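I opened this entry to keep track of what I looked up, one topic at a time.

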Amino acid sequence: MELGLLYSGGKDSTLAALLLEEFYDVTLLTAHFGVSDDWQHARETAAAAGFAFERLECDPEVARDAVNRIREDGYPRNGIQLVHQHALERLAALEFDAVADGTRRDDRVPTVSRAQAQSLEDRHDVDYIAPLSGFGRSAVDRLVEARLDVTVGPSEEIERADYEAELRALIADEDGPAAIADYFPDHEQTYVTNVR
């Protein structure tokens, strides 16, 4: 069975791919709005992990809508959620038997509710799988420590291919780099450099 996994090159989506590869032919797809070339970081990690990789072309208007929502809210949660739902819809419309992401049990964003998952499955005739949904952060961190080499650092310094990178780039282009700090709280990101 063919499975498409939304992929950022970070620890959660890489761990999700490793958990699913025993049961599916996994292809890693990075959502891309054409704002930056950050998707290349995910391609490198996918190659290091031995997975097929594709870019998932998404609608640039959705990224602009997400940035507007971030500005209105003053924080990124709803904007990132909007982008994740769009990316899942795009992924589900492709020719996969199943689609997945790396969302964890304790994630605040993005999340996929039971109703959203069922709707996605019914409308696109695919299975939606969230293999980390039963894992909390500490459990994920222990599994990652056993299998992955990971670079960890402040979000603005880590090369990665998640939604936030392109949203940050849009805000920096439109409002100047200093504006990013107005909307995105300091937090750490990860980038997988090797799978053991």
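**Entry 1. Salt bridges**

I am working with a predicted model. I searched the whole structure for salt bridges and got 12.

I went to Arg104 and Asp12. Their side chains meet in a salt bridge, N to O at 2.7 Å. I checked where the two partners sit. Arg104 is in the loop between β4 (98–100) and α5 (114–124), and Asp12 is in helix α1 (residues 11–20). They are 92 residues apart, so I noted this pair as a link between distant parts of the chain.

Are the two partners buried or exposed? Arg104 is buried, at 12% relative accessible area. Asp12 also counts as buried, at 15% relative accessibility. The cut-off I applied for buried is under 20%.

I then followed Arg104 to a further partner. Its side chain also meets that of Asp107 in a salt bridge, 3.1 Å from N to O. Asp107 has 18% relative accessibility, so I put it down as buried. I wrote down the network as well: salt bridges link Asp12, Arg104, Asp106 and Asp107.

Next I looked up Asp141 and Arg137. They form a salt bridge with the closest N and O atoms 3.9 Å apart. Both lie in helix α6 (residues 137–147), four residues apart, or about one turn of the helix. An α-helix has 3.6 residues a turn, so positions three or four places apart point the same way. Asp141 counts as partly exposed at 29% relative accessibility. Arg137 is partly exposed too, at 44%.

**Entry 2. Helix α7**

I took the span of α7. It has 13 residues and reaches 18 Å from its first C-alpha to its last, close to the 18 Å expected at 1.5 Å a residue.

How many residues of α7 are buried? I got 10 of the 13, so the helix is largely enclosed by the rest of the structure. The buried set includes Tyr163, Leu167, Leu170 and Ile171. Glu164, Glu166 and Arg168 are also among them.

The strands are β1 (2–6), β2 (25–32) and β7 (188–195). The helices are α3 (60–73), α4 (77–92) and α8 (180–183). Just after α7, I found Gly176 with a positive phi of about 95°.

**Entry 3. Ile158**

I moved to the loop between β6 (148–154) and α7 (163–175), where Ile158 is found. Ile158 is buried, with a relative accessible area of 10%.

What does Ile158 contact beyond its neighbours within four places in sequence? I found Thr151, Val152 and Gly153, along with Gln189, Thr190 and Tyr191.

**Entry 4. Nonpolar cores**

I looked for the largest nonpolar core and found 33 residues in it. Leu167, Ile171 and Phe184 have the most contacts inside it. At least two residues come from each of β2, α3, α4, α5, α7 and α8. α4 gives the largest share, six residues.

I noted a second, separate core of 27 residues. Tyr24, Ala42, Phe51 and Leu132 are among its members.

Technical notes:
Residues are numbered from 1 along each chain as its sequence is written. This is a predicted model: local features need pLDDT of at least 70, side-chain atom pairs count only at pLDDT 80 or more; totals for chains, interfaces and linings use all residues. Side-chain values use heavy atoms; hydrogens and water are left out. A salt bridge is a side-chain nitrogen of Lys or Arg within 4 Å of a carboxyl oxygen of Asp or Glu. Buried means under 20% relative accessible area, exposed over 50%, partly exposed in between (1.4 Å probe, protein chains only). Contact means heavy atoms within 4.5 Å. The expected span of a helix is 1.5 Å times one less than its number of residues. A nonpolar core is a set of buried Ala, Val, Leu, Ile, Met, Phe, Trp, Tyr and Cys residues joined through side-chain atoms within 4.5 Å.
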